[in-house]
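These are my notebook entries on a few local features that I looked up. I kept to one place at a time.

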Amino acid sequence: MRPTLIQRLAMAISLAASLVLPATVLAQANCDVADFNQDGEVNGADLTILLGYWGPCPVPSIATVTGVVRFEGGVAVANASVTSDLGGSTTSGADGSFALQVPLAPGATRATIFAVTSVSGFNFQGFRMADGLLAGTTTAIGTISVSAEGARSCPDALAWLPGIGSPGITGGTNIRVGAMAMWNDGSGQKLFVGGTFTHAGSTAASSIARWNATTGGSTPAWTALGSGINGTVWALEVFNDGTGSALYAAGAFTQAGGAPASRIAKWNGSTWSPLGSGLDGTVHALEVFDDGTGPKLYAGGEFTTAGGVNAKYIAAWNGTTWSAVGGGTNNTVYALEVGSFAPAPGGNCIFSSCGSTGSCTTVHSTPGCSDATCCCIVCIYDPNCCSVSWDAACVSLAQRRCGGPRLFVGGAFTSAGGSADNRRIASWNGTSWSGFGGGVNNTVYSIALFDDGSGVGPCLFVGGDFTSAGNLTKVNRIARWDTQNWSTLGSGLSSTCEALLVHDDGSGKALYAAGSFGTAGDVAAPRVARWNGAAWSGLGVGLSEGTSYALQTYAVDPIAVPSLVVGGTFTNSGKSVQSRIARWGCPTP
C-alpha cells in the first residue's frame, strides 16, 4: 500500500534534513516519497504541494494540573512522583507543590492524579480527581494526601497522652478551644489553636496560639500570634490567595492584631490583615474549594453580607474580593467540607475492557462510555457496565459517583439556592445546589466523607442535633448517606455531635465524633468516640464534663503514628488534668 500524501510529506521533510545519506539513496527515496502528484517525477508541482503544507505542526492538547502533596496531618512531601491516568509525570517541589502536564485525548476533560513517595521503606500514596480539564488551561486540585495503610502501628495500647503545654488553655470567661489546624509557617509544621482564652500554657495569647512540636531538640512551647484576636475563633483554615500560604481565622471578633478585622483575618506568619470589610455576622466554618475558576476560601456562618456584597450565610473569597454562592441558604451555616463520592481507581475495572462510545449519563447497548475515568469508577461497582451494556443502573451510578469534588454545606437552613429539598445539608458544585434524600430534621454541625469498607465507596456522614434523616427515624444525631439512602450508625449518639474527623490511629482509618454526648451506640464514650464502619468504641475513659468542639490529626513525623487532638471546654482526660485540649495516641514515639 502506497503511503498517504501526509505520510509522504512527513517522510520527504525528514529525508531533506538527512544530508548524511548517499545521493543515490536520496534519489531513490525522492521517487518513493516525494512524488506527491504521482506523475513519475519530482518537480516544481511537487514543491508547490509541499509548500502548501508549510507551517507549524499541530500542538498536542495539554492541560496543566497544579496542587500540593502532603502527608496525613499536613506535612509537605518533597520529590513525590506525580502522574495521571492520561499520561504525564513530574515531581513535587520542596513545599510539596507540583505542576503536571496532562495530555488530553479528544473529548477528555477528567483525569485521576496520583502521588507516590517512599519514606524509610514505607510507600505512601494518594490520588485526587481533576475535572473540567481544557487544553491550554490550568486546573488547581488542592491537596493530594498520601498515606501508608498499615505501615504505621502502635506497639502499645493507645492512651491519653501527657498534656499539651500544661496547664493547657486557660484564662477569661467561657474558656474553650473551638478550632484547630496544622500549618507550616516557615518554621516547620505546627499546631494552631483558636477559641476563647487569654493564655496558652504560661504564655499570654488572646484567643489564638501556636504549639511548637518537639523537633530538633527544641523545647515545646506555646507562642502568641501577635496581639491575637479580640473575640472567639470558631474556624481555622490554610489557604493560598496567590501571595503564599497563610492561616485564616474566623469567628465572632472585630479585631486581629489590634487592627479592624470583621469576623475573619489572615495571618501570614508575622502579621494580621483583614479580608476587605469582612462579614457582618459570626463565621462558624471555613473551607477551600475550587469551583472551576480557581481555589477560593469559603466561609459559612450567621452573616448576610460579605465585603458589602449580599451573601446569605455563605460567601467565597478569591484573594481580593468577596462573592455570593448561588443564592446562599435561608439560615445559618455551621459546617463546610470538600470531597467526592468517587472511589480510588482500580477494583474490578480494567481500562482496556471499557468501551469508548456513548455518554456516561445515557442508556445504550455498548459496554462502557466515552469518559474512561467515569467508566472505571462505575465498573468498580457494576462490572456488567464494561462487559454487557451501559444500562439504567450504570447511568445511575455515573450520576452519583462521577460528579467530581463538591462543597458540602451543613447548618440550620431549610433551603439552599431556593430548593426545599436541601434541609440542613446540601452540596455546591460551582454552578448549582443539590440535596440529599430530603435532608435531616434539625441542625447539622459537622460533615465528613469516609469509606467505611461497606463496599459502596466514600459516603457522606453528618453530625448534629437531628433525630431523623429523610424518612429514617431514630438516627440520633449522626447519619450516613451512601448516594442513594440514609442509614444509622448503630443507635447513634446520646447528645449533640459537634465535630467529625477521619483519622488513622495506626490500625486503619476510622470516623471520630466529638460533642456533648456520653455514649455512642451502647458504649460509654464521654465527649469523643470512634466508628470503624461497624461498631462504636470509646477512647479510654473519655473526657470530663463539658463539650468537645474540635478534632485535629497531629503529625509532624510521617513515620510516627499520628495522634488525635481534641479541643473543647473539658478540664481533664482520663486521670490527667488537660484544660480544654487533650491528645489521644500511641505512648511510644
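This is a predicted model: local features need pLDDT of at least 70, side-chain atom pairs count only at pLDDT 80 or more; totals for chains, interfaces and linings use all residues.

I located W54 in the loop between α3 (44–52) and β1 (62–71).

I next turned to S415, which lies in the loop between β29 (406–411) and β30 (425–428). S415 counts as buried, because its relative accessibility is 15% and the buried class is under 20%. Leaving out residues up to four places away in sequence, I listed the contacts of S415 as T329, N330, A420 and N422. I also checked S415 against N331: the two are 84 residues apart in sequence, yet their C-alpha atoms are 8.2 Å apart in space.

My last entry concerns an open sheet of four strands, whose order I recorded as β8-β48-β45-β44, with antiparallel pairing. Which strands stand at the edges? They are β8 (159–160) and β44 (548–554); each has a single partner strand, so one side of each is left without a neighbour in the sheet. I followed β44 to its antiparallel partner β45 (residues 563–568) and noted six bridges joining them. Within this pair, I found Q552 opposite V565 of β45.

Terms used
Residues are numbered from 1 along each chain as its sequence is written. Side-chain values use heavy atoms; hydrogens and water are left out. Helices (H or I, at least four residues) and strands (E, at least two) are DSSP runs, numbered from the N terminus. Two strands pair if DSSP finds at least two bridges between them. Buried means under 20% relative accessible area, exposed over 50%, partly exposed in between (1.4 Å probe, protein chains only). Contact means heavy atoms within 4.5 Å.
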